[in-house]
Amino acid sequence: MKSIYFISDIHLDPNNSKVTKKFIEFMNNKSSDMKELYILGDLFEFWIDDKYDIIQNNLIISTLKKISENGTKIFLMHGNRDFLVGKKFTKITNIQILPENYILNLNETKILITHGDLLCTDDVDYQKFRRFIRNKLTLKIFNSLSNNIKIKIASYLRGKSKKITSQKPENIMDVNEKEVLNFYERFGTDIIIHGHTHRKSIHKTRNNGTNYTRYVLGDWHNAPSYIIFKNNKISLFDV
Ligand code: MN
């Protein structure tokens, strides 16, 4: 029986051949076991425009295309880095884009999947920026710019974010536990899988007599971080 895979935060970058190689190797090794693959955001380090970035990432695109043609169903959630991945990408790769919070029903197991940044409500500045950058008007203006300008803006924002992140206290950038409980309640689930924080872990909590588990995927800086769902069991790997 094939498995269901979850990954996030690979941060693929045309200028970083190491991570590209790691990703392609992983996909080629595991795809024969992949019934479904859920990519929970930040597959790419940045994405400014389908037309431009599909060409830049042609090796990744052709790998994804090949794997979905071979029978793996691939689903993608937007992360904060690649929320501009759009219809041209999905058409060429045959990948389906999921909404920012999505309930998966796997046999008797109900899992909420989400990128994870929406859980980080302590980082008020980030949440404000998130709303601004995804605002329709902001996007309309951004989309009207030339690729050169878009690249400059994206790289400026990444530099700025790195600087800000290095100065912020660690706990501000992690999930807010209250918001996590809100999510469990809101979506009527006791399991959440997410990424974004790059803090690979399994968090178990008990609230009002119910046991809850939150699986956090890691980034791929050292090794591929992934989750497998098989025989009604969820396992977190980092090999
Ligand atoms: Mn992220």
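Welcome to this predicted model, where 14 aromatic pairs are waiting to be found.

Start by selecting Phe6 and Tyr38, whose rings are stacked, 5.4 Å centre to centre with 20 degrees between the planes. Colour the chain by element and you will see that the pair links distant parts of it: Phe6 belongs to strand E1 and Tyr38 to strand E2, 32 residues apart.

Next, select Tyr5, Phe23, Phe26, Trp220, Tyr226 and Phe237, which ring pairs link into a cluster.

Now go to Ile7. Beyond its neighbours within four places in sequence, Ile7 is in contact with residues including Phe23, Phe26, Tyr38, Leu217, Trp220 and Tyr226.

From there, widen the view to the largest nonpolar core, with 35 residues; Ile7, Ile10, Phe23, Leu43, Leu64 and Phe89 have the most contacts inside it. Among the elements that give two or more residues to this core are strand E1 (3-7), helix H3 (58-69), helix H6 (136-143) and strand E10 (225-230). Highlight H1 too, as the largest share of the core, 5 residues, comes from there.

Two last stops show an arginine over a ring. Select Arg134 and Phe83: the charged end of Arg134 sits over the Phe83 ring, 4.6 Å from its centre. Then pick Arg186, which lies over the face of Phe183, at 5.1 Å from the ring centre.

Notes
Residues numbered from 1 in each chain as written. Predicted model: local features only at pLDDT ≥ 70, side-chain atom pairs only at ≥ 80, totals over all residues. Heavy atoms only, no water. Core = buried A, V, L, I, M, F, W, Y, C linked by side-chain atoms within 4.5 Å. Buried < 20%, exposed > 50% of the residue type's maximum accessible area, 1.4 Å probe, protein only. Helix = DSSP H or I, 4+ residues; strand = E, 2+ residues; numbered from the N terminus. Contact = heavy atoms within 4.5 Å. Phe/Tyr/Trp six-rings, centres within 6.5 Å; stacked < 30°, edge-to-face > 60°. Lys NZ or Arg CZ within 6 Å of the ring centre and 35° of its normal.
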